[in-house]
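Colleague: I am new to this structure and would like to learn how to read it. Please take me through it feature by feature.

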Amino acid sequence: MKHIVLGVTGSIAAYKACELARLMMKAKWSVHVIMTANAQKFVTPLTFQTLSRNPVGTDAFAAIANWEPEHIALAERADLFVVAPCTANCAAKLAHGIADDLLTSTALACRAPLVLAPAMNDGMWDNPATQDNLETLRRRNAVIVDPGNGELACGSYGKGRMADPQRIFEHLQKILAS
């Protein structure tokens, strides 16, 4: 059985991560979701707990039921670490090794392949800082599933829509098959 850590960050596209989790479960993968505080403003942990049939990580300092620190245990068990949606903020943290929440701490400890599905406003996407951060992550072998063009939640039109969950899932299948 494949073990996937799905990181969900604070973007309106968090609702698409629900479909991605469903696709992973349908493939009989074990899915463990970690949500940032901002992600929880868009979708509740209960939604992901129901879809994944596993507890959802939300707090690096939550009381643990056993000795294993959650972020280390998840990182060691992961066959893939996926962040979908991945905000510009999260990409910047990952590019610079900032581990200030459960998601980024787990990602930093994880040796499994990292897959990011960015989702953000087109101005954020086009910003040279964002592009530099993504290039840094690519150089470190992270797989970036580029966002699409279209109408964005902010009302503008451009590149920044998180890739379709089916497209992301197909990338994950290819990585796991190699």
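Colleague: Is helix H4 (residues 88-95) mostly covered or mostly uncovered, and how many of its eight residues are buried?

Modeller: This is a predicted model, in which local features need pLDDT of at least 70 and side-chain atom pairs count only at pLDDT 80 or more, while totals for chains, interfaces and linings use all residues. Residues are numbered from 1 along each chain as its sequence is written, and side-chain values use heavy atoms, with hydrogens and water left out. Helices (H or I, at least four residues) and strands (E, at least two) are DSSP runs, numbered from the N terminus. Buried means under 20% relative accessible area, exposed over 50%, and partly exposed in between (1.4 Å probe, protein chains only). H4 is mostly covered, with six of its eight residues buried: Ala88, Cys90, Ala91, Lys93, Leu94 and Ala95.

Colleague: Which elements do the buried residues of H4 pack against?

Modeller: They pack against E3, H5, E4 and helix H7 (128-139). After H4 comes glycine 97, with a positive phi near 70°.

Colleague: How should I read the strands, and what is their order in the sheet?

Modeller: Strands of a sheet pair through backbone hydrogen bonds, either parallel or antiparallel. Here two strands count as paired if DSSP finds at least two bridges between them. The sheet is open and has five strands in the order E2-E1-E3-E4-E5, with parallel pairing. E2 and strand E5 (143-144) are at the edges with a single partner strand each, so one side of each has no neighbour in the sheet.

Colleague: How many bridges join E1 to E3?

Modeller: Four bridges join this parallel pair, and isoleucine 4 stands opposite leucine 80 in E3. E3 and E4 are also parallel, over four bridges; phenylalanine 81 has leucine 114 of E4 as its bridge partner. Two bridges link E4 to E5, where valine 115 faces valine 143.

Colleague: Why is E3 largely enclosed by the rest of the structure?

Modeller: In a regular strand the side chains alternate between the two faces of the sheet. From E3, Leu80, Val82, Ala84 and Cys86 point one way and Phe81, Val83 and Pro85 the other, all of them buried. Seven of the seven residues of E3 are buried, so the strand is largely enclosed.

Colleague: Which residues have the most contacts inside the largest nonpolar core?

Modeller: In soluble globular proteins, nonpolar side chains tend to be buried together. A nonpolar core is a set of buried Ala, Val, Leu, Ile, Met, Phe, Trp, Tyr and Cys residues joined through side-chain atoms within 4.5 Å. The largest one has 33 residues, and Leu6 and Phe48 have the most contacts inside it. Strand E1 (3-8), helix H1 (14-26), strand E2 (30-35), strand E3 (80-86), strand E4 (114-118) and helix H8 (165-177) each supply at least two of its residues. H1 gives the largest share, eight residues. Apart from this core lies another, of 26 residues, including Ala78, Cys110 and Ile144.

Colleague: What is leucine 6 in contact with, leaving aside its neighbours within four places in sequence?

Modeller: Contact means heavy atoms within 4.5 Å. The partners of leucine 6 include Ala17, Leu20, Met24, Val33, Phe48 and Val82.

Colleague: Is leucine 102 buried or exposed?

Modeller: Leucine 102, found in helix H5 (residues 102-109), is buried, with a relative accessible area of 3%. By contrast, isoleucine 12, in the loop between E1 and H1, is partly exposed at 46%.
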